[in-house]
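Have the sequence and the 3D view open as you read.

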Amino acid sequence: MDLQKYDKEQLIKEIEKLRLKLHQNKYLRRNSRVQIPSYSFEESIDLSMEFTIEGKLLKTNKNWQKTLDYGVDELGNLIFTDLVHPDDVHVFNSIIEEVVKKRHQSFINARLITKSSEILHVSGIFYINKRNNINASFHDITSQVNAEKAQTLYYNIANLTLESNDLDDLFKSIHKALCLTIDARNFFIAQFDFKKNTLTFPYIFDEHIPDSPKSFTIERRKGLCEYIYNNKQPQILKESKIKSMILEGDIIQYGPIPKTFLGVPFRTEKGIPGVIGIQNYHDENSFTKRDLELLNFVSAQVVLSVERKINAEKIINQAARLQSIFDSSNHIIWSLNREYELTSFNHNFAYELLKNFGIKPQEETQLQGKKIFNQLSNSQYFYWKEKFDAVLEGKPSNFEVKFKDPFNEKLIWKEIYLNPIFTENGLIKGISGIAHDITEKKITELQIKKSEIRFRRIFESFQDIYFNCRFNGEIILISPSVKDMTGYSQEDVTGNNITNYYLYTKNTKDLLKQLASHRKVQNFEATLITSDGRLVNCICNVRLVRDKDSRQVTIEGVARDITKLKQSNRELVHAKNLAENSLKVKEQFLANMSHEIRTPMNGVIGMVDLLSQTPLNPEQKSFVHTIKRSSETLLTILNDILDLSKIEAGKMTLQLNVTKVSSVFEKVLSLFHQQAQSKSIELSYKIDKEVPEFLLLDETRILQILSNLTSNAIKFT
């Protein structure tokens with residue numbers, strides 16, 4: 001490209017075209033091998049949307065809604081061209097026609113309009129999806145474009161300030177350059193003369209002032225310029241604030257009240273002699289803090305120019321003042337000539353040289369004219385030489401570099417902007433460079449990527465099914481485990497209604513009511529239908545999810561297969577029934593046996609009673625008495641067997657009666673006397689005096705306890 005054939009304005013346009021082409025190439029490299037899975041549409045960090053060929057908007061992802069400030073309920077009333085900057089509609093239409101006609105992807109760099117009328121610069125891709133609709137995925141490059149415009153503004157105004165000798169032309173040039181970056185249609189520069197009590201506007205362009213731009217002088221009054229001067233700081237004032245100050249008597253407004261007013265005071269060695277400002281009469285949201293920072297930079301340049309005219313003898317100090325502006329920046333700034341020799345730099349650049357190359361601060365005055373980059377290693381030198389050569393050919397460059405901090409070995413990221421420096425006749429005479437630290441931003445991006453990878457691994461390893469759907473049932477996201485459980489793939493399910501995949505019952509019908517009332521439902525049972533018609537029993541935990549503004553509502557949940565658990569429960573119930581039946585049989589057997597044995601025992605006891613009534617000698621009476629007591633004890637044992645079945649059935653009750661304590665022990669003694677005597681053991685009992693003579697007790701149960709204890713005592717003595 002022959003630069004001599006272009007004037008300065010044409011050259012700027014060509015540079016802008018090259019910059020846009022660079023963004024497109026970067027986007028192509030970033031996206032050329034990426035296939036966006038269907039489940040990532042909603043969670044994509046890009047601005048994703050789907051619309052019909054006629055332009056009707058069908059759906060968007062969260063980031064799109066957040067960035068363009070539209071809610072889900074507003075999408076039905078939008079068509080695609082409502083979101084496009086009017087100047088770019090024809091570009092989008094031609095791209096869409098090409099996508100529809102050729103059925104392949106197309107890329108674009110253009111502008112969108114948010115709900116609040118903000119301009120959004122995007123770089124994106126269009127393609128036809130399987131539903132014959134158009135998918136668009138945009139990357140927001142607004143910050144990058146704004147940064148580049150701001151950088152261009154900085155250099156343009158800095159060069160204008162250094163090269164311009166006519167103050168009126170300088171102000172017009174500054175106004176023109178400022179309008180390329182922000183809405184500066186209504187722009188003014190005001191200067192105070194405190195001795196004459198006047199306020200002079202050496203340059204003012206206002207849509208309500210005829211013959212703008214022009215210059216004039218008025219009496220210094222209590223206006224917005226005076227307010228900015230008195231507060232001694234840059235400010236953004238909204239219409240409501242201005243009206244409030246008028247009512248309170250803080251200011252007197254002459255002429256129409258602007259919707260938004262930006263004012264920045266001049267800062268010179270003699271105080272604050274003036275104010276630079278822009279105002280908008282139509283939109284109170286037209287300016288941001290970034291615009292105020294840009295205006296603040298412009299004000300510094302205006303101060304330099306005004307002081308140069310007022311104090312001609314200080315012209316030689318302009319380079320020092322410009323250096324001061326450079327040094328006050330957080331950026332690393334430098335410039336090179338065509339031989340790669342340093343022509344200017346700020347303190348941040350010198351600090352980086354000291355830190356990375358060991359060049360001491362006291363040598364800074366000797367840096368100019370040196371080929372500092374020759375001190376790099378061969379690989380680094382050729383890397384930078386390639387970048388510099390491209391810029392000297394008229395190709396601006398924006399890239400990131402990564403290196404280790406020599407002090408702590410931590411990784412540092414810098415973003416670099418390289419631009420050509422032009423002479424008045426359009427030739428490239430050098431390179432300007434700006435760098436700033438983006439380490440924190442890169443660390444955040446890497447952490448987000450790690451979190452996304454970690455989430456994706458967890459998500460893909462789910463055995464249960466995770467699902468997320470809209471309130472109308474449309475499935476937005478589902479885990480890959482749906483394939484193992486139902487036979488359907490994620491692509492088969494996503495976008496369809498969730499009611500297609502489970503049995504509709506009264507419980508599922510009431511689910512939405514329960515969610516609306518309680519926001520979550522736990523341990524909810526549902527039956528899934530697999531692709532081959534099988535039924536899978538599941539237990540689900542479901543809840544409502546809202547965005548941070550409580551506008552968008554989705555339903556998310558986890559479904560777990562409990563088919564095997566259900567089968568195990570059925571088997572347990574069956575085993576329980578068998579055990580209970582066996583217990584009933586045993587109870588019946590014991591009851592029958594106790595009744596069968598008790599009948600002859602009653603006969604034995606009856607005969608013993610008859611025998612005791614016959615004439616017997618004392619020894620015989622003792623034997624008969626023992627037989628009777630033993631028979632009664634045996635009958636008690638039979639009753640115990642019957643009681644065992646009662647205990648197992650939970651029907652055992654105590655029979656409490658007032659009983660003489662000694663009679664209980666007498667019965668035990670009679671029962672085991674013969675057994676103890678046969679082992680030459682003396683068996684007797686003694687009742688403590690503290691024990692009452694009569695107690696309320698169940699004699700049969702007490703006898704059981706004492707008999708067991710006594711029997712064991714005799715057995716093991």
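Residues are numbered from 1 along each chain as its sequence is written, and side-chain values use heavy atoms, with hydrogens and water left out.

The protein chain has a mean pLDDT (the predictor's confidence in each residue, from 0 to 100) of 79, and 82% of its residues reach 70 or more. Helices (H or I, at least four residues) and strands (E, at least two) are DSSP runs, numbered from the N terminus. Residues 312-317 stay under 50, and the model gives this stretch three contacts (heavy atoms within 4.5 Å) beyond four places in sequence. Where pLDDT is low, the predicted coordinates should not be read in detail.

**An open sheet with a helix across it**

Five strands make an open antiparallel sheet in the order S18-S17-S21-S20-S19; two strands count as paired if DSSP finds at least two bridges between them. Strand S18 (475-478) and strand S19 (520-529) sit at the edges with a single partner strand each, so one side of each has no neighbour in the sheet. From one strand to the next, the twist averages 30°. Axes here are lines fitted to C-alpha atoms, for helices over the stretch in contact, and angles run from 0 to 180 degrees between N-to-C directions.

Strand S17 (residues 465-470) and strand S21 (residues 553-561) are joined by six antiparallel bridges, and Cys469 has Ile555 in S21 as its bridge partner. Helix H15 (residues 506-518) lies across S19, strand S20 (535-546) and S21, at about 155° to S19.

**Cysteines**

How many disulfides does the structure hold? Zero, taking a disulfide as a pair of cysteine sulfur atoms within 2.5 Å. For Cys540, the nearest cysteine sulfur belongs to Cys538, 5.8 Å away. Cys540 is buried (under 20% relative accessible area; exposed is over 50%, partly exposed in between, with a 1.4 Å probe and protein chains only), at 7%. Cys469 is also buried, with a relative accessible area of 4%.

**A mostly covered helix**

In helix H6 (residues 224-231), six of the eight residues are buried, among them Cys225, Glu226 and Tyr229. Those buried residues pack against several elements, including strand S6 (186-193), strand S7 (198-205) and helix H7 (239-248).

Most residues other than glycine have a negative phi, and most peptide bonds are trans.

| Residue | Phi | Where |
|---|---|---|
| Asp69 | about 70° | loop between helix H2 (62-68) and helix H3 (89-102) |
| Asn197 | about 55° | loop between S6 and S7 |
| Lys232 | about 55° | just after H6 |

Asp69 is partly exposed at 34% relative accessibility, and Asn197 is partly exposed at 30%.

Which peptide bond is cis? The one joining Ser212 and Pro213, with omega about 0°. Ser212 is in the loop between S7 and strand S8 (214-219). The Ser212 side chain reaches the backbone oxygen of Asp206 at 3.1 Å, a polar contact (N or O atoms within 3.5 Å; within protein, one must be able to donate a hydrogen and the other to accept it, and residues adjacent in sequence count only if both atoms are side-chain atoms). Beyond its neighbours within four places in sequence, Ser212 touches Ile204, Phe205 and Asp206.

Technical notes. This is a predicted model: local features need pLDDT of at least 70, side-chain atom pairs count only at pLDDT 80 or more; totals for chains, interfaces and linings use all residues.
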